[in-house]
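Me: I've got a structure I'd like to talk through with you. Can we take it piece by piece?

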Amino acid sequence: MSGHRIRAITRRLLQGFRRDRRTLALLFVAPIVILGLLGYLMRGSSSSPSVGIANQDSGPLGAVVAKTLRHSSHITTSDINASDGDPKLRDGSLVAYVVLPSDFSSQAQAGTVAPEVHLEGSQPGEDAPVLQALQQAMTSLASQVAGRNVSFQPQVKYLYGGANYDTLDYFGAAFVGLVVFFLVFVITIVSFLNERSQGTLERLMASPLRRGEIVLGYMLGFTVIALVQAAEVLIFSLAILRIHNQGNVLLIFGMEALMAIAAVNLGIFLSMFARSEFQAVQFIPLVVVPQILLSGIIFPVSTEPSALQYLSNVLPLTYAVNGMRDIMVKDADLTWSSLQLDAAVVAGFCVVLIAAGTATLRRRLA
Amino acid sequence: MGDSYAVDVQEVSKSFGAFKALNGVTLRVRQGEIYGLLGPNGAGKTTLIRMICGLLEAHGGTVTVLGQRMPNVAVLRHIGYMTQQAALYPALSVEENVDFFAAINGAESGVKEALELVQLYDRRKSVVSTLSGGLRQRCSLACALVHRPELLLLDEPTVGIDPQLRVQFWEYFRRMAAEGTTLIVSSHVMDEADRCQRLGLIQYGRLLAEGSPADIRAQGGSQNLEEAFLALAAATPRRAES
Ligand SMILES: Nc1ncnc2c1ncn2[C@@H]1O[C@H](COP(=O)(O)OP(=O)(O)OP(=O)(O)O)[C@@H](O)[C@H]1O
Ligand SMILES: [Mg+2]
C-alpha cells in the first residue's frame, strides 16, 4: 500500500472531472431536479377523489347520510342521477358514486343497509378513502336510528378491475411498457456513442449513407431487439405474474412496439448531446426519473399540482402509460378516441425525434 | 481545366476555435496520381483529408473532388477513406466488417478480393477485438477499398504493418493508380514518400513545398529526402494565429 499511488488515482479522477463540465453539472443538477420534483408532487398534490351521490331515498335517512358524506374530508362530493354514474366513471370525472336506494330509510329501520357503491376500480389507491368516508357516514347514521344496531353491507361494484385487482395489476399495466422503454433507451444511447468513440461514425459519414438512413437503420435494428424483449416481458407478466388483463394482447404488443420505437429515437437524439458514454449515463436519471414521476405511473396525473399537469401532458410517456392501462384494465380498442389519441401522440413523438436526430447528426460529428 | 484533376483544393482554411489548423492550402491531384502528404504531428494532414471527403466544412476556400464541390454525398460513393485509427466494429468478425462497408457503398462483390489483398482471407472469421494492431490496420484498409473507389484517401495506412506486407501494399497502390485510381496517402515514412509521384509538405497548416521527390530533394538541397524535408521544414516561419 502506498499513499502516493492511491493519491495519484484519486487526483487523476478529479482532474478528469474538472475538464468534463457537463458530467459535473449533471452530477449536481440531477439530484436537485429529481428531489425537487418529488417534493412538489407529494406536498402539492391536493385533490381528494370525486364521489357522486345519488340519493333516491323516499325517507329522511338518505339525506342524513348524503350530508355526512358531503362534509367528509376524505372525498369531494357532488349530487348526481344514478343513471349518469357509469358514464361519469368512464370519462374520469368521478372515481366512485354511491346510490342510496329508495327504501334506504326502511332498510335502516330493519337493521341492515345495503347502499350500492360503484367504483371506477382502475386505481386501487383511490378506493380506500371512498369506503372510509362511507363507513363514517354509516356510523353517524347508526346514532340517528335510536335503539338499533345498523349493520352496513355495501354492495361494491367495480367498473374495471374487480375485488381481486391489486396494486401489481395497476402498476403492471404501466410497467410492461416502461421496462421495454427504458432498457431500449439505454442500449441505444450507449451503442450510438460507441459508434462515435470507436471512429466508425466518421466512416459512415464519409460513405454515401444519408443521415436519415443511419437513423432509420438504427431504429429498425433496435426495434427488432426491443420487440423480442417486449414479447418476453408480456408473456412473463401475463403468464407468470398473472397481471390483470382485459384487453387484446396484440394491441398491448402494438403499444409496446410504439414505445420501443420512441425509446430508440430518444436514445439516438440524446446521444447527440453526450460526448462520452460517461455523459450518456448521466442522462439516464435525468430523463428516466422525472418521466416515471410525471407520467402518471405512480401518482395519477389528475392529482398532480396543476403546474406539473402541464408538464405531464407534454411527456409522451404519459400517453403511453395511459394507453397501456386503457387496454389492459379497461379493454380499450382502437375505436376509443382516448386510445387513438395516446397512440397518435406516441407515434408523433417518434416522427419528431427521427427528424430531430437526423438533423443533429452531422453537426455533432465535427 | 479543373475537371482533369481528381482533387482540387483551393485556398482552404479551417479553424478550431481560435486555432488555425489549415491556413490557405492549395493543391491539385491528377487522376491516377499517388500524392503523398508529409508533415510533422499536428501539421494538419488528417484535417486536410477530412476536408477532402467533406467531413469538415471549410472556413475559407473550396474543395472540388471528381468535378463536384464538396461536401457532396453523391461523390462519396467514389471515395474510400481509411481513417488514421482503425475504425472498425470490434464485436464483428473481419469479414462482417468488410461486408458492412461493402454494403453501405453498394459493392457486395468485392469482399473476397479485398480480404485477399490484405492477406486476411484466412482470418476472415476472427472477431476484430481479438486481432493485433497491425491486423486491424489491414482490416481497416480492406474496408476502405472494398468498393473500388476512384479516389482513395489513406491516412497513415502502413503504420504497424510489417515490412513484407508494406512492400505489397505499395505494389498494389501503384497498380491501382495505373488503373486510374487516385490516391492521397499521408505518411511519416520517407522511403514510402519516395514511392509517391508527388509530395506535399505540410507544416503549421500550410503547404510549404510541393513536387516530385526529386523536386523536393532539389528544393531542400539534399540527396536525402529526410534531410531535404527537415531543411524545408526548418525554413518555415511559425504557425500564424488567427
Ligand atoms: N476537432 C478538433 N478540435 C480542436 N483541434 C483540432 C481538432 N482536430 C484537429 N485539431 C488540431 O489541428 C491540428 C492538426 O491536426 P491533424 O489531425 O490534422 O494533424 P496531423 O497532421 O494529422 O497529425 P498526425 O501526424 O499526428 O496525425 C492539431 O494541432 C490538432 O490538435
Ligand atoms: Mg493525422
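This is a predicted model: local features need pLDDT of at least 70, side-chain atom pairs count only at pLDDT 80 or more; totals for chains, interfaces and linings use all residues.

Me: At what angle do helix 9 and helix 14 of chain A pack, and does that make them oblique or roughly antiparallel?

Reply: Helix 9 (residues 211-240) of chain A and helix 14 (residues 337-361) of chain A have axes 9 Å apart, at an angle of about 130 degrees. Roughly antiparallel would need an angle over 145, and roughly perpendicular covers 65 to 115. The two helices of chain A therefore count as oblique.

Me: Which hand does the crossing of helix 9 and helix 14 of chain A have, and how do the residues of their contact divide into nonpolar, polar and charged?

Reply: Helix 9 of chain A passes helix 14 of chain A in a right-handed crossing. Helix 9 of chain A contributes A:Arg211, A:Gly212, A:Ile214, A:Val215, A:Leu216 and A:Met219, while helix 14 of chain A brings A:Ile354, A:Gly357, A:Thr358, A:Ala359 and A:Leu361. Sorted by type, the residues of this contact are seven nonpolar, three polar and one charged.

Me: Staying in chain A, what does A:Ser271 touch beyond its neighbours within four places in sequence?

Reply: A:Ser271 sits in helix 10 (residues 249-271) of chain A. Its relative accessibility is 0%, so A:Ser271 counts as buried. Outside its sequence neighbours, A:Ser271 is in contact with A:Ile189, A:Phe192, A:Leu193 and A:Arg196.

Me: Over to the magnesium ion (ligand 2): which residues coordinate it, and how far apart in sequence are the parts that the pair ties together?

Reply: B:Thr46 (OG1) and B:Gln84 (OE1) coordinate the magnesium ion, at 1.8 to 2.2 Å. B:Thr46 belongs to helix 1 (residues 45-52) of chain B, and B:Gln84 to the loop between strand 6 (79-82) and helix 3 (94-104) of chain B, so the parts tied together are 38 residues apart in sequence.

Me: Is B:Gln84 buried or partly exposed, and what about B:Thr46?

Reply: Buried would take a relative accessible area under 20%. B:Gln84 comes in at 31%, so it is partly exposed. At 25%, B:Thr46 also counts as partly exposed.

Me: Which residues is B:Asn105 in contact with, leaving aside its neighbours within four places in sequence?

Reply: B:Asn105 is placed in the loop between helix 3 and helix 4 (111-117) of chain B. With a relative accessible area of 8%, B:Asn105 is buried. Its contacts are A:Ser207, A:Pro208, B:Leu76, B:Arg77 and B:His147.

Me: How far is the C-alpha atom of B:Pro149 from that of B:Leu76?

Reply: B:Pro149 is in the loop between helix 5 (133-145) and strand 7 (151-155) of chain B, and counts as buried at 4% relative accessibility. B:Pro149 touches B:His78, B:Ile79, B:Gly80, B:Ala144 and B:Thr181, sequence neighbours up to four places away not counted. B:Pro149 and B:Leu76 are 73 residues apart along the chain, and their C-alpha atoms are separated by 9.0 Å.

Me: What is phi of B:Arg148 near?

Reply: B:Arg148 is in the loop between helix 5 and strand 7 of chain B. B:Arg148 is partly exposed at 47% relative accessibility. Phi of B:Arg148 is positive, although the residue is not glycine, and is near 45 degrees.

Terms used
Residues are numbered from 1 along each chain as its sequence is written. Chains are lettered from A and ligands numbered from 1 in the order in which they are written. Side-chain values use heavy atoms; hydrogens and water are left out. Donors are N, O and S atoms within 2.8 Å of the metal (3.2 Å for Na, K and Ca); water is not among the atoms, so sites may look incomplete. Helices (H or I, at least four residues) and strands (E, at least two) are DSSP runs, numbered from the N terminus. Buried means under 20% relative accessible area, exposed over 50%, partly exposed in between (1.4 Å probe, protein chains only). Axes are lines fitted to C-alpha atoms, for helices over the stretch in contact, and angles run from 0 to 180 degrees between N-to-C directions. Angles under 35 degrees count as roughly parallel, over 145 as roughly antiparallel, 65 to 115 as roughly perpendicular and the rest as oblique. A crossing is left-handed if the near helix is turned anticlockwise from the far one by less than a right angle, and right-handed if clockwise. Contact means heavy atoms within 4.5 Å. Ala, Val, Leu, Ile, Met, Phe, Trp, Tyr, Cys and Pro count as nonpolar, Asp, Glu, Lys and Arg as charged, and the others, Gly among them, as polar.
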